[in-house]
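Grab a pencil and work through these exercises one at a time. Try each task yourself before you read its solution.

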Amino acid sequence: MDKPLIIVESNAKAKTIGGYLGGGYRVESCQGHIRDLPDRANQIPAKYRDQAWARNWGVDVNNDFEPLYIVPGDRRRIVSKLRQAAKEASELYLATDEDREGEAIAWHLTEVLKPKIPTHRMVFHEITPGAIRNALANPRSIDSYRVDAQEARRTLDRLVGYGVSPVLWRKVRRGLSAGRVQSVAVRLLVERERRRIAFRSAGFWNVESRLVTGGGEDFQAHLVAVDGVRPAASKDFDSKGNLKSTGVILLDGDRSARLARAVEDSLLRIRSVDRRPYTRKPQAPFRTSTLQREASTRLRFEPGRTMRAAQSLYEHGYITYMRTDSITLSETALQTARSEVARRFGKDYLPSRPVRYTGKVANAQEAHEAIRPAGDRWRTPEEVVSLVSDRDQHLVYQLVWARTLASQMAPARGESTRVRAGTVLENGTDAEFEASGLVIRFPGFLKAYAQADRERHLPRLEVDDQVTARDALAKEHRTEPPSRYSEASLIKELEDRGIGRPSTYASTVSTIIERDYVFKKRTALVPSVTAFATTELLERHFDHLVDYGFTSRMEDGLDKIARGEERKVPWLSRFFHGNGSPGLVELIATDRVKEIDPRSLYIRIGEDPSGAEVVARVGRYGPYLVRGEDRASIPDDLPPDELTLERAVKLLDAPSGDKILGTDPDSGLTVLARNGRYGPYVQLGEQVTGSRQKPKRTSLLTGMELDSLSLEDALRLLSLPRQVGVHPDTGKTIVAGLGRYGPYLKMGTEYRNLADQELLFTVTLEEAVAVMNRPKTRRGGRAAPPLKELGKDPESGSEMVVKTGRYGPYLTDGAVNVSVREDTVAGLGVEEATRLLAAKREKLKSQGKWPPKKRKR
C-alpha cells in the first residue's frame, strides 16, 4: 500500500521523524535547496545563453525580475529520488523549516516534483512525537507571501553582489565581493577602527590604598576627592586626549606620589555608608542572536560553530527551532520550566506567576517561540551528554537548558554598599577614598545560570568608624580607544540596527573573514586595509548600500512582502531602476564606474621627515605602502591603528618588497619574491581568483636576502619538498623539506632534523636512510617533567600542562599543542591557557585538521 511521503531538509531530521512515526510513513530529505540561480556560465541552460540578463544576473531584470532557476548538478540525484518517491506516495507533506527559507524550499519542491497527489505544508518548531503528530493533523497550504519575500531577498542579494562586486574587482582588487549585509558589517568595523586611529591617549593618576579596620579586616579603596574636588578619570577626556570636564583635578605622577606617601599609615574616618537593596533579574530565553553571542562569550565559539551544534540538537529533537527572533515561551513550556525549577531548587526560587518576555528586536521575523529544550519533559544536560557524541552539542544544550530555566526563576537579591572614608593630611589637604561592595543574600536564578557579578565583600562599617591606610600607591592610568567588535558584539550591533537576520549572522562573519576584509586578533575582529579601501569606495559611490538606515529599511520591506503589504516586483524595481534617485543599474553604468579613481582609495598615514606623503593602498598582491616611488608590503596581521608613521617608514626603508624574479621554465608561471607575516618567501604564480588553492610558497634559507635573490635561487627553493627516494626496509618515501624550525627529513609520520640547509638539495638516499634509522632522542634521554600544571581544560576535559619540547616550552592538553614563550610560562594562568588551546582548535578546524584522525595500529 502507498504511504504518505514527508520531505524534510536534512538526513538527521528525516531519521528522527521517521523513528517517531514508524513504518506508516516514508520520510526523505531534500538536503536543503534543490534549485537556485546559476552562479557559473556553464550552468545557464542553452536557450538562455545568448541573453545578456542571464549571463549578467541570472534574473530577467527587464521582465518582472523573473529568476532563472536551475537544479545544480549535485542536486539532480536527490531530485530524481524524490520524484520517484512522490510517484509511489499516497500524499505529500512538505515539512521543511518554518522560516522563509523553508517556505521557499517547500515551494521549489512543488515546482520541480509537480506532484499529482494531495500536497500539504507541514510546520513545527520542535521535533518531538507530539509536535510531529500535531503538525500532521493540522497542515496548511504554502504561504506565497513568505515565498515572495525569500525570492525578493535572494534576487536583491544577487543584484547587489553581481552589480557591485565587479566594480570592486576593477577598482580595488580581484576576488572581493559586495553584499547587502556583509558590506554594512565591514563598514561598522572600519568606522570603529577609524575612531581608534584618530584616538589619542591621555594619562592620569590616582591613589589606591588598602584600608584596615581595628579588627584587622581590610578592603581596597581609591581616591575620589582632593579638597572636595574629584580627580579626573577616563570619562573626563575626549578622543583627542584633551580634558573636557570642568570641576575636576588632573593629578600627575609627582602629586599622586606625595599624596600616597602622606596618606600611608593615616587614620581615616568613615564619613558615609550607603547601603541599597540589590536586585538582578534573569534574562529572557535565547533567540538566535543572543545564543550566538552568549556562546561566543562563554564558550568562545564562533557563530557558525554554535549554529552547527544547535542545528544538530534541533534535528535530533533536543531543542526547538534555532532560527528565531522570538523570546516568548508557550504555556506548556512555562509550566515545564516552573516544575523543573521547583523540583531542582525549591519553591523559594519560583516566582508567584510565570515570567513572560515579550520584547522584540527591530524587524523581527515570524517566529513561534524562543530557543528552549524540546518537548514536555526536558532532558537534563547530564542525560544529553550520554546521547550526543559531539562535545559542542552538549555545551550548547547546557546553555539553552540553563538559560530557559533561569528565565523562570526569582531574581538574585542582596545588598550593595558604598563607603567613603576621609582624612585631613598634615599639609592640610583633605583626601577622601571610596570602596564598594556587593553581597548576594539570595542567589535566585544565578543558581542555574551563574553570571559575571562577583561578590565584593566589605567589613561591616558605620559612620565615624576609623580605618588605617596601608600600602598606599600612586597608579597611572591611560584612556583606552574604543574597543574593537568581537563576533558577539558585531552580531548585537547588527541586530540592534535591524540589519540582517539571525540565520545570516554566522555566514556574514565567516564571509568577511574569508574575503580578507577582516582578521581575528584573539577575539577582536580587525578590519584590513582592503576593508578600508572597499568601504571608502562604497561610501563615495554606493552610499545607500552601506547606509545603516537604508539597509534596515530593506529588511522592513522584505517583512512587508512577507505580510502581503508590499509587492515584490515594484519593490525590486525601485531598488534596481530607481525612483526619484539613481537605482543600482545607473550607479554601475560604465560611465560612472570609469570616473572612480582607484588612486583615491587609500589610508593617509602622514608625512615622513622629508615631507613625502605616506599612504596605504591595496594592489593585486594585497595591501602596500607608497611613498613617492617607494613601495613596501604591509604585513597581513598588522592592524590599521598600529600602522603609525614610524612603523610605515620603517617598512618602507627596510630592504625587500614584492619583486618579480622571472618565469619558471617548466610551468611558465611567474616567480615572485615577497615579504610576509612570517618573513620573506618565494612564490610560484599568482593566487587564482575564487580558488581556495594557494600558490606554492617556500621560505628563504637562513642567510638569504630578498634583494640579492636570483631566479635560480628561487627555483631551487621551490623545488622543495624534494623526494629523496624510497626507504628499502619500510617501502616509504623519504622527503627533504624546509619547515618552521629548519631543514628536515620526513618518512610517513616520522621526522628527523638535518644538520645543514644545503643537505636539502644534496642528501643522498643512503645518507637519508641512515638519518631516518637513528632513534628519536630527547634531552637527558627521557621526557622531562612538566614545567607547569594548570588543571583541566573545560572544553576537552584533559589536563593542561606546559612541557619543554624540542623547540622550547609548549602548552598541551594531550591533543593540541601551542608554543609559548619562555618568559610567559610563569604568568600563564588557566584562563589564558584555555583561550590559547581553543584558538588552536579553531585554527585546525578551519584547516580541516580537526578532529585529528586516529592512527591505525
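Contact here means heavy atoms within 4.5 Å. This is a predicted model, where local features need pLDDT of at least 70 and side-chain atom pairs count only at pLDDT 80 or more, while totals for chains, interfaces and linings use all residues. Residues are numbered from 1 along each chain as its sequence is written, and side-chain values use heavy atoms, with hydrogens and water left out.

**Exercise 1. The surroundings of Glu 9**

Task: Find where Glu 9 sits, and work out which residues it touches, not counting residues up to four places away in sequence.

Solution: 
- Start with the place: Glu 9 is in the loop between strand E1 (5–8) and helix H1 (11–21). Helices (H or I, at least four residues) and strands (E, at least two) are DSSP runs, numbered from the N terminus.
- Next, list its touches. Leaving out residues up to four places away in sequence, Glu 9 meets Ser 29, Cys 30, Gln 31, Gly 32, Thr 96, Asp 97, Gly 102 and Ile 105.
- Now check for a partner. A salt bridge needs a side-chain nitrogen of Lys or Arg within 4 Å of a carboxyl oxygen of Asp or Glu. Glu 9 has none: the nearest side chain of opposite charge, Lys 13, is 4.5 Å away.
- Last, Glu 9 is buried. Buried means under 20% relative accessible area, exposed over 50%, and partly exposed in between (1.4 Å probe, protein chains only).

**Exercise 2. Salt bridges**

Task: How many salt bridges does the structure hold? Then look at the pairs Glu 101 with Arg 153, Asp 641 with Arg 196 and Glu 566 with Arg 574.

Solution: 
- The count is 73 salt bridges.
- In one of them, the side chains of Glu 101 and Arg 153 meet at 2.4 Å, N to O. This pair links distant parts of the chain, with Glu 101 in helix H4 and Arg 153 in helix H6 (residues 144–171), 52 residues apart.
- How accessible are they? Glu 101 counts as partly exposed because its relative accessibility is 24%. Arg 153, at 21%, is partly exposed too.
- Then take Asp 641 and Arg 196, whose closest N and O atoms are 3.1 Å apart.
- For Glu 566 and Arg 574, the closest N and O atoms are 3.2 Å apart. Glu 566 has 19% relative accessibility, so it counts as buried, whereas Arg 574 is partly exposed at 34%.
- Finally, spot the network of salt bridges that links Arg 187, Glu 191, Arg 194, Glu 536, Glu 539 and Arg 540.

**Exercise 3. Val 509, buried or exposed?**

Task: Decide whether Val 509 is buried or exposed, and name what it touches, not counting residues up to four places away in sequence.

Solution: 
- Val 509 lies in helix H15 (residues 502–514).
- Its relative accessible area is 3%, so Val 509 is buried.
- Setting aside residues up to four places away in sequence, Val 509 touches Glu 487 and Leu 490.
- For a distance check, the C-alpha atoms of Val 509 and Arg 592 are separated by 30 Å, with the two residues 83 apart along the chain.

Methods:
Lys, Arg positive; Asp, Glu negative; His and termini not counted.
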